[in-house]
Amino acid sequence: MSALTVREKLAILSDAAKYDASCASSGSAKRDSLKSGGIGSTEGMGICHSYAPDGRCISLLKILLTNFCIYDCSYCINRSSSNVRRARFTVDEVVKLTMDFYRRNYIEGLFLSSGVIRSPDETMGEMVEVARRLRLDEKFGGYIHLKTIPESSAELVEKAGLYADRLSINVELPTDEGVKRLAPEKKPETIRLSMARLRQKMEEKAEPTLKTKKRERFAPGGQSTQMIVGADKTSDDGILHASARLYGSYHLRRVYYSAFSPIPDSSSSLPLQKPPLMREHRLYQADWLMRFYGFSQPEILAGSNDGMLDLAIDPKLAWALRNRGLFPVDVNSAEREALLRVPGLGTKVVAKILETRRHRRMRLEDLGRLCQSIAKLRPFIIAEGWSPGALTDKAGLRGKIVQSCEQLSLF
Amino acid sequence: MQPAELDLARYSVRLDSQTDFSGWRDAARRLALNEVKPEDISWHVAPDPDGCQTDLPAMPGGVQLLVPREFIEHAETAFCHSDPGRFAFLYRLLWRLRREPKLLAIASDPDTRRLEAMEKAVRRDSHKMHAFVRFRKIGDGDEERYVAWFEPDHFIVERNADFFVRRFTGMRWTILTPYASADWNGERLAIGPGAAKGDAPAGDDTEALWRTYFENIFNPARLKVKAMQKEMPKKYWRNLPEASLIPDLIAGADKAATAMIAKMPTTPAPHHAKVQAKHWSKATEPAEPDAARTIPKLREAAKGCRRCPLWRDATQTVFGEGPDDARVIFVGEQPGDQEDLAGKPFVGPAGNVFDAILDDAGVDRQKVYVTNAVKHFKFEPRGKRRIHSKPNAGEVQACRWWIDREFELIKPDLAVALGATAALSLLGKAIPVTKMRGQVIEREDGLRVFVTIHPSFILRIHESAEKEAERERFLKDMREVKRLMAA
């Protein structure tokens, strides 16, 4: 077998990395190269440097160090029983690719993951070495996201946190039973423990040290994880329960949902179908309700029949239709918390309403100028000169809203 | 009244360039303070031949033009917009602001909305510039430079040059656009005249790698062309080296995805059996709880406890800790947030209070065994916090199996029930703890159980005198425990 070129390796190892949903480069500490004279900055807000035709943002060079792997997780293209072509980058190659891409402004930084070869520490050690070389030898100030291998040693994780902006460990599936069935060698217990240790480390490093009174750097962009949706039978309620647990327990910045996508040379234990993209989208919306709209996890789907999110309408509207007794809400007097629960009102619009109504009473047409559509909104609010009357409790309301919002829907 | 003169404004202002904000600001200040109405001014940009500057009125002495502070920031951003009417619009806004100081807070006002829309367009264009500028390398070694050609919708080069300086400090680079250019020589930023696409290099070898990446990171099973175009409109494509791949990727996507789904699972790769044998042949024996004859073995066995469903949401089993010949066992309720993370009992805030009071009472923490009635953390997630929930009788009952083993192996003289849940676990029935506090109850098997409150109770008291009194009572209980230990 002749040696692969860098370009051939890049083709194999980016193809192998595309099932990881995260490409975020946001949420880290602000940093620039003015002092170091090096290359790279992070400005808080992430930047998407390109978009693939799958609509997903390309922000980072997302690659695997190697797709050789001793694990045999049936949902993964790189599982040891797969016949996919294998390749392995050297540390030098990854460092050079990252710098070459970054200098041309193709990317915000690097998202490095890897199959596990020989031992977790050996693989993790090489990943940390890439990050170290970028930071120290190349004076690289861009974004670095390292996928942490749960079984790797505490010293390596500590070093990883020193150089990386974000660390992540994928829980892969919402239940331990699912992991046991589809990824028999993975240990959910170890994954939890690793996330717990990352949270402890982040909290410990957030405190100023006794000696220097300065805070030591440790993954300023926090930790995140990914769950595959649709590879097992877990309901949306079950998935959101797992997310709420992960946010609460390990202070994750993000939980990513990845609609299970058919992979080449797939295992027979998995559904062979197109990925449930709308379901994935609704899960993200529900996740937003928990993080920014004051919803607790159980209430999002309380009262639904099957614990599944409605695919035709967004989760807030679905919730409001099940809880009509709480509406209509008066936009000129209601508290922020109540406004956030009105379908069609996002956090920014709510902030604008709160500001504007200090100076004038708001009418329906004022809201029309602030929101995308008032069709969703009308039945749930009272405004100056507008009251929905019996509309709020009307039987065919769901159908009517769906009809009037159809041209605005995502697909 | 005189007949209105055709289109002839009283004042004509000529700005130096499209981005001459200070020129506009100076003129606007003079005109506004002289109460010149918006409709009496026409605005021009050099070298527009129609717009020669008329003499502007002088600043009246002793008056200041006061506007809300945020207006200047908003205006500076909107000023970069390509709309030729922006100079007049911003002046009108200034005019209205002097009469309606709260105007900018009224999000539904048409002028406020227009200002916001203009700013949004400028910010989006800036963001897209940060994203879609593509440098091409020319020269090597000391001659190495990076040059980009970019076509913004608005006048944003000056505004965004600093971003590229902060990011590419260690590089020499030039960004060319039709109306202006920015150049960084490694030390100094220079804004220069516009250029043409032909002035920028035509290619760069690294683009082949970037295109390879773009092709392979795309997942054909998730084709969403509209979502892509919303964020990366076609107008940008001509300057993106990867964009020419898009039509073929879209055309081939369905075929690629269907092929992936249709492809039957194949036989495992040849190396798979070897990997399995080498790494996964040692099946780990699950520890057998019944056979555990020492505390460490029991602790190991408890790691996989499934006697109640609480393990599902917790991080780990938090087992008891202390010497296996301890004369006293303290039993708490359940691990909390910190204990769940650390895997050790009594290390959180309540544990700290407990430790401090034990120390005051002269009880050596190293010589006692501490454990919990329930060994997994039960909680409700609330955002980034976990709210403690009280374990129910079934969970206490399920976990009692472990407590009983711990007592069997350690055989202490005394048990201390910290709180109601511990008392329920040790005595098999609910008792009023505050009433029976300080009492010793002897169980049928002869074990003496000292009843007191849980130290977290002290933490929950806000009033400081009362808190101190409660601490004293608990200290007294611990002194009594010490006395009972010695007896």
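User: Where is A:P328 found?

Analyst: Heads-up, this is a predicted model: local features need pLDDT of at least 70, side-chain atom pairs count only at pLDDT 80 or more, and totals for chains, interfaces and linings use all residues. Residues are numbered from 1 along each chain as its sequence is written, while chains are lettered from A and ligands numbered from 1 in the order in which they are written. Helices (H or I, at least four residues) and strands (E, at least two) are DSSP runs, numbered from the N terminus. With those labels, A:P328 is in the loop between α10 (315–322) and β9 (329–330) of chain A.

User: Is the peptide bond from A:F327 to A:P328 cis or trans?

Analyst: Look at omega for the bond from A:F327 to A:P328: omega is near 0 degrees. The peptide bond is cis.

User: Which loop of chain A holds A:K139, the non-glycine with a positive phi?

Analyst: A:K139 has a phi of about 50 degrees, although it is not a glycine. Its place is in the loop between α3 (120–137) and β5 (143–147) of chain A.

User: Over to chain B. At what angle do the axes of α4(B) and α5(B) cross?

Analyst: Axes here are lines fitted to C-alpha atoms, for helices over the stretch in contact, and angles run from 0 to 180 degrees between N-to-C directions. The axes of α4 (residues 110–132) and α5 (residues 157–167) of chain B come within 10 Å, and they cross at roughly 40 degrees.

User: Does α4(B) pass α5(B) in a left-handed or a right-handed crossing?

Analyst: A crossing is left-handed if the near helix is turned anticlockwise from the far one by less than a right angle, and right-handed if clockwise. For α4(B) passing α5(B), the crossing is right-handed.

User: Which residues of α5(B) meet α4(B)?

Analyst: Contact means C-beta atoms, placed from the backbone, within 7 Å. From α4(B) come B:S126, B:M129 and B:H130. Their partners in α5(B) are B:R159, B:N160 and B:F163.

User: How far apart are the axes of α2(B) and α4(B)?

Analyst: α2 (residues 69–79) of chain B packs on α4(B) at an angle of about 60 degrees, which makes α2(B) oblique to α4(B). α2(B) passes α4(B) in a left-handed crossing. B:H74, B:T77 and B:A78 meet residues of α4(B) including B:L115 and B:M118. The axes are 8 Å apart.

User: What is the bridge partner of B:A148 in β5(B)?

Analyst: β4 (residues 145–149) and β5 (residues 173–176) of chain B run parallel, joined by 4 bridges. For B:A148, the partner in β5(B) is B:I175.

User: And the β9-β8-β12-β14-β13 sheet of chain B: which residue of β9(B) is the bridge partner of B:F330?

Analyst: That open sheet also has mixed pairing, and its edge strands are β9 (369–372) and β13 (440–442). β8 (residues 328–332) and β9 of chain B pair in the parallel sense over 4 bridges. The partner of B:F330 is B:V370.

User: At what angle does α17(B) run to β14(B)?

Analyst: α17 (residues 464–486) of chain B lies across β8, β12 (414–418), β13 and β14 (448–452) of chain B. Its angle to β14(B) is about 170 degrees.

User: Which element of chain B gives the most to the side that touches chain A?

Analyst: The contact takes 67 residues from chain B and 75 residues from chain A. Elements that each supply at least two residues of the chain B side include α4, α5 and α6 (206–217). With 9 residues, the top contributor is α6(B).

Terms used:
Contact = placed C-beta atoms within 7 Å. Pairing = 2+ DSSP bridges. Parallel < 35°, antiparallel > 145°, perpendicular 65-115°, else oblique.
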